[in-house]
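These are my notebook entries on one structure.

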Amino acid sequence: LNTGTVGVENPSSGVGFATYRWADLNGDHFAQANEVNLNERITAGGGFNPANPTAVTSANVLDPDLKAPITSSLVAGVDRELMPNLPLTTNYSYTRTTDLFGNFSGTITPRVGVGIDDYAPGSGFSGTIPLEGGVPYNVATFIPNAAAIAAGGNGFLTTNIPGYYTDYHGIEVGLNKRLSNRWMGRVGVAWNNAREHFDDRAGMIDTNGNPTPRATEPLKNGGQFAPQSGGSGSGTIYINAKWQFNANAMYQAPGGIELSANVFGRQGYPFPIIRSGNTAALGADSALSVLVSPEIDTFRYPNLWNTDLRAAKQFRFAEANLRLILDVFNIFNANTALVRVNNVGSANFNELAQNLSPRVARVGVVVGF
């Protein structure tokens, strides 16, 4: 267990916080004490108890019976050399992870003293997603019991989520032509099926223990497992492709010139459709966004294909080697959409936010001594 998990109830391991609404009465764009409305708290966390703001202990609780997640894996493969320098490889992989204390991130925890039955129906969201001719949606939302939250000190419980586990099935097939007769190459195809499962109703919860589905926690038993990327600057990329293809080859042309190419393809990642939460739909959890598409992968971005080329030549001198390289990336200048605005309630819904980088040529020189 990492220190962030075991330190959840340590008030020095994280910053306790509370967020309140405020009105800029004097127009200076800074919040003064008389401009903050302490009767309109938006959210609180980090072990901070709004009912006891000077407490030196955290309101968070660590389950004394917390167990580390367990991952079981099986890999089976068959290799066969079809002819000299041409082996065929086939692998099957199965992985199952249990005893999770959160969904994909491992940090999603229920509120202290607030169970799934302490959530009352909210206003929900209904409408039509303007994709593929229009897809209607009607998603239930849930509001936590404010009295139960207060009784638990606004704390969160780190515990193993009951009945929640993930599994993965994967098949990979590859051909690898070793360097002979002046050329080499490799072709690989993979099929992947990563899913999450909920065998206990009490475990069908997302951030804050709320049973409302979100893009990062769709709460679909047997649905696709698609963790959100982090650190890339593109926060709405959900990594899940059921198939992937890669082929590359290199040919030693006359004159010491090397010509090579790489072709990569994969299924488009999920394009989950959300709506921003509000008080009528989620109560104290109004900051959450709600998944309104039936599944996280009901809609997907276009399949991605990319081709790169390289030409290289090496010159040998008495005491040094000089290698000249010309690379051309995305040779066909594909502009495949990677990220679009996925908030169906936004005026710019479906607007392109990121696409595949355009064709780029690069010249390189490598000097070796």
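**Entry 1: the largest pocket**

I began with the lining of the largest pocket, whose residues divide into 18 nonpolar, 18 polar and five charged. For these classes I count Ala, Val, Leu, Ile, Met, Phe, Trp, Tyr, Cys and Pro as nonpolar, Asp, Glu, Lys and Arg as charged, and the others, Gly among them, as polar.

I record here that the model is predicted, that local features need pLDDT of at least 70 and side-chain atom pairs pLDDT 80 or more, and that totals for chains, interfaces and linings use all residues. Residues are numbered from 1 along each chain as its sequence is written, and side-chain values use heavy atoms, with hydrogens and water left out.

I noted a space of about 900 Å³ in the largest pocket. A pocket here is an open set of points on a 1 Å grid over the protein atoms alone, with protein on both sides within 12 Å along at least five of seven lines; a cavity is a set where a 1.4 Å probe fits but cannot get out, and lining residues have an atom within 4 Å of a point. Grid points are joined across faces, edges and corners, and a volume is the space filled by probe spheres set on the points.

I found 41 lining residues, with Ala44, Gly45, Arg111, Phe156 and Asn208 nearest the centre of the largest pocket. The elements that each supply at least two residues of this lining are α1 (3–6), β1 (17–22), β2 (36–45), β9 (142–144), α2 (146–151) and β10 (157–158). Of the elements, β2 gives the most, with six residues. Helices (H or I, at least four residues) and strands (E, at least two) are DSSP runs, numbered from the N terminus.

**Entry 2: the second largest pocket**

I then turned to the second largest pocket, which holds about 230 Å³ of space. It is lined by 15 residues, and Glu172, Val173, Gly174, Arg186 and Gly188 are the closest to its centre. Two or more lining residues come from each of β5 (86–98), β11 (164–180), β12 (183–198) and β13 (243–253). I noted β11 as the source of the largest share, five residues. By class, this lining has six nonpolar, seven polar and two charged residues.

**Entry 3: the cavity**

How many cavities of 30 Å³ or more does the structure hold? I found one, and the volume of the largest cavity is about 40 Å³. Ten residues line it, and the closest to its centre are Glu196, Thr216, Pro218, Phe225 and Ala226. The lining divides into seven nonpolar residues, two polar and one charged.

I looked up proline 218 separately: it lies in the loop between β12 and β13 and is buried, with a relative accessible area of 4%. Buried means under 20% relative accessible area, exposed over 50%, and partly exposed in between (1.4 Å probe, protein chains only).

**Entry 4: the sheet**

I traced an open sheet of nine strands in the order β4-β5-β11-β12-β13-β14-β17-β18-β21, with antiparallel pairing. Strands β4 (70–83) and β21 (360–368) stand at the edges with a single partner each, so one side of each has no neighbour in the sheet. The twist from one strand to the next averages 10 degrees, with axes as lines fitted to C-alpha atoms (for helices over the stretch in contact) and angles from 0 to 180 degrees between N-to-C directions.

Strands β17 (residues 304–316) and β18 (residues 321–329) pair in the antiparallel sense over eight bridges, where pairing requires at least two DSSP bridges. I noted arginine 316 opposite asparagine 321 in β18.

**Entry 5: aromatic rings**

I counted five aromatic pairs. Rings of Phe, Tyr and Trp (its six-membered ring) pair if their centres lie within 6.5 Å; planes under 30 degrees apart count as stacked, over 60 as edge-to-face and the rest as tilted.

Phenylalanine 245 and tryptophan 305 form a tilted pair, 5.9 Å centre to centre with 50 degrees between the planes. Phenylalanine 245 lies in β13 and tryptophan 305 in β17, so the pair ties together parts 60 residues apart in sequence. I found phenylalanine 245 partly exposed at 22% relative accessible area, and tryptophan 305 partly exposed at 42%. Trp243, Phe245 and Trp305 form one aromatic cluster.
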